[in-house]
Amino acid sequence: MTTGAQTPANPARPRRSRLRTFLPLGLAAWLVLEIWLLTVVAGASSGLVVFLVLVAGFILGSVVIKRAGRRAFRNLSETLQRQQSGVMPAAARPNSEGNGLMMLGGLLLMIPGLVSDAAGLLLLLPPVQKAVSRTAERTFERKLREAGPGTLGGAFQQARMHRPDGKVVQGEVIRDDRGDAPQGPRPPLTH
């Protein structure tokens, strides 16, 4: 469908974020490092040892994920029972945090590779979980402060108004609620 408007020859493209630029490069480097380490270990010992290490990591990771999931579900059901009985939930218990990081550690253990296994094992340690949790919380709060005032709905509205081709669609929606008054058929949409 054509509108009669000329399409610009070279539309202005928005600048790529650092994450979108470096994430594929980081993943490729991580993959090469994992394969290289597995070949080094296989050369130093045997292919059977590498296979057993990978299977043991997968089994340990699945056990960790299952345990963290059960603990999270138990905490959720206890909280819901307290709320239904009218008791206000107390401050966070020491064992109630870290389920997400434990699941991430289990997932890293399940991914084949020695670097991911080491990172997964580190995430299972409580001091590391607390440090990662504090760092993530501070980063999230800092990003929220940098975002400035506005509502989440306003952010979605701005995202819809700025098109990828650089055009901005201006508009306003006026909703007129007249209660339960019956409305007639709406006119058809035209181009």
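Let's start with a pair of helices: α3 and α4 cross in a left-handed way. Keep in mind as you look around that this is a predicted model. On the contact between α3 and α4, the residues split into 7 nonpolar, 3 polar and 1 charged.

How do we describe a pair like this? Two packed helices are described by the angle between their axes and the distance between those axes. Helix α3 covers residues 99-110 and helix α4 covers residues 114-123, and they pack at about 160° with their axes 7 Å apart. Angles over 145 degrees count as roughly antiparallel, so α3 and α4 are roughly antiparallel to each other. If you want to find the contact yourself, look on α3 for Leu101, Leu104, Gly105, Leu108 and Leu109. Across from them, α4 brings in Ser116, Asp117, Ala119, Gly120, Leu121 and Leu123.

The packing of α2 with α3 has an angle of about 160° and axes 7 Å apart. That angle is why α2 and α3 are also described as roughly antiparallel to each other. Their crossing is left-handed, and the contact of α2 with α3 has 11 nonpolar, 7 polar and 2 charged residues.

Next up is α1, which spans residues 18-44. The axes of α1 and α2 come within 7 Å and cross at roughly 130°. This angle makes α1 oblique to α2. To see where they touch, find Leu38, Val41 and Ala42 on α1, then Gly47, Val50 and Leu54 on α2. By class, that contact has 5 nonpolar residues, 1 polar and no charged ones.

Finally, let's bring in a database record. The unreviewed UniProt entry annotates residues 21-42, 48-65 and 101-125 as "transmembrane region". What does the model show over residues 21-42? That span is 100% helix and 0% strand, and its end C-alpha atoms lie 33 Å apart. Residues 48-65 are likewise 100% helix and 0% strand, with 26 Å between the end C-alpha atoms.

Terms used
Residues numbered from 1 in each chain as written. Predicted model: local features only at pLDDT ≥ 70, side-chain atom pairs only at ≥ 80, totals over all residues. Heavy atoms only, no water. Axes fitted to C-alpha atoms, helices over the stretch in contact; angles between N-to-C directions. Helix = DSSP H or I, 4+ residues; strand = E, 2+ residues; numbered from the N terminus. Parallel < 35°, antiparallel > 145°, perpendicular 65-115°, else oblique. Left-handed = near helix turned anticlockwise from the far one by under 90°. Contact = heavy atoms within 4.5 Å. Nonpolar A, V, L, I, M, F, W, Y, C, P; charged D, E, K, R; others polar. UniProt positions renumbered as here; feature names shortened; annotations may be inferred.
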